[in-house]
Amino acid sequence: MAIINLFVVSPDTHSERRFDPLITVEQLKVAKLELITGIPTANQRITLFASEGDSNPVAQLSDDSKALGFYCTTDYQVLKVDDTNPSVSFTGQLTDVSQVNKFELSDAEYAKRTDTVLAYKQTHKVGRFADKTEPSEPLHPTPQLDIPTGARCEVESSEPGFSKRGTVRFVGPTKFGAGTGVWVGVEYDEPIGKNDGSVQGERYFTCKPKYGLFVRPEKLTVGDFPVEDLEMDLDDEEM
């Protein structure tokens, strides 16, 4: 049976995870959700929602002996984990900044200081304080790249042994990186991206949400990279 992609939401966490539908609710609490949310197993109340914006629960996972798949879970539903005794685990206190004393400075007082980022930019003419001159030619001319659209590729990863594979869907300059040269739009095999092929309202290609990503050409290798067997990788929960 295929693994299930679910969002896990708690007062202090929000993440996308992959679970085996055969795992029992008890195993889910002990081996997975306590590590993810920090909420002790005995204090977890798990509610299944169809989506993050849905206020009507699909089911309450109250029977520890039932398998996760018993509740007819499908991809991208939401497991909302509440803490029935937050005084024990301090749930919610890590994200409550209402009691934190804040240092406030008015815009006028900030502008008078000489040890600020604003003062540095004004002195060194950085950003909006730079001289308004038009470059005689593009800063990064578009090079000729042998990266055909539709080619299989692998994107450089900082995690040893983790292959970020996908298909090239776009090659060229973009509005979000105006003047920075060519970007490559990749549709990943897994939902490890950041977009659906559009950035800042501009669409460059189309794919499912979180499957798309734009990278620099030097971070990518084109070649015969087959789709890996994702169903067998049940221990890799990071998306």
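Start by selecting Cys 72, which is found in the loop between strand S4 (57-60) and S5, where helices (H or I, at least four residues) and strands (E, at least two) are DSSP runs numbered from the N terminus. Its phi is near 55 degrees, a positive value in a residue other than glycine, and at 60% relative accessibility Cys 72 counts as exposed; here buried means under 20% relative accessible area, exposed over 50%, and partly exposed in between, with a 1.4 Å probe and protein chains only. Most residues other than glycine have a negative phi. The model is a predicted one, in which local features need pLDDT of at least 70 and side-chain atom pairs count only at pLDDT 80 or more, while totals for chains, interfaces and linings use all residues. Residues are numbered from 1 along each chain as its sequence is written, and side-chain values use heavy atoms, with hydrogens and water left out.

Next, select the sheet to which S4 and S5 belong, an open sheet of 5 strands in the order S2-S1-S5-S3-S4 with mixed pairing; two strands pair if DSSP finds at least two bridges between them. S2 and S4 are the edge strands, each pairing on one side only, and the twist from one strand to the next averages 30 degrees, taken between lines fitted to C-alpha atoms (for helices over the stretch in contact), with angles running from 0 to 180 degrees between N-to-C directions.

Within this sheet, colour S1 and S2, which run antiparallel and are joined by 6 bridges, with a hairpin of 4 residues leading from S1 to S2. The bridge partner of Leu 6 in S2 is Arg 17, and 5 of the 6 residues of S2 are buried. S1 also pairs with S5, in the parallel sense and over 4 bridges, and there Val 9 stands opposite Lys 80 in S5.

H1 packs on the sheet, touching S1, S2, S3 and S5, and its direction makes about 95 degrees with that of S3; contact means heavy atoms within 4.5 Å. Select the helix, residues 25-37, and compare its ends: H1 has 13 residues, but its end C-alpha atoms are only 15 Å apart, short of the 18 Å that a straight helix would reach, the expected span being 1.5 Å times one less than the number of residues. A kink of about 35 degrees is centred on Ala 31, the bend at a residue being the angle between axes fitted to the seven residues ending there and the seven starting there. Among the buried residues of H1 are Val 25, Leu 28, Leu 33 and Ile 36, and just after the helix Gly 38 takes a positive phi of about 80 degrees.

Zoom in on S6 (residues 152-155) and S7 (residues 164-172), joined by 4 bridges, where Val 155 stands opposite Lys 164 in S7.

Finally, select Lys 210, in the loop between strand S10 (202-203) and S11. Its phi is near 70 degrees, again a positive value in a residue other than glycine, and at 35% relative accessibility Lys 210 counts as partly exposed.
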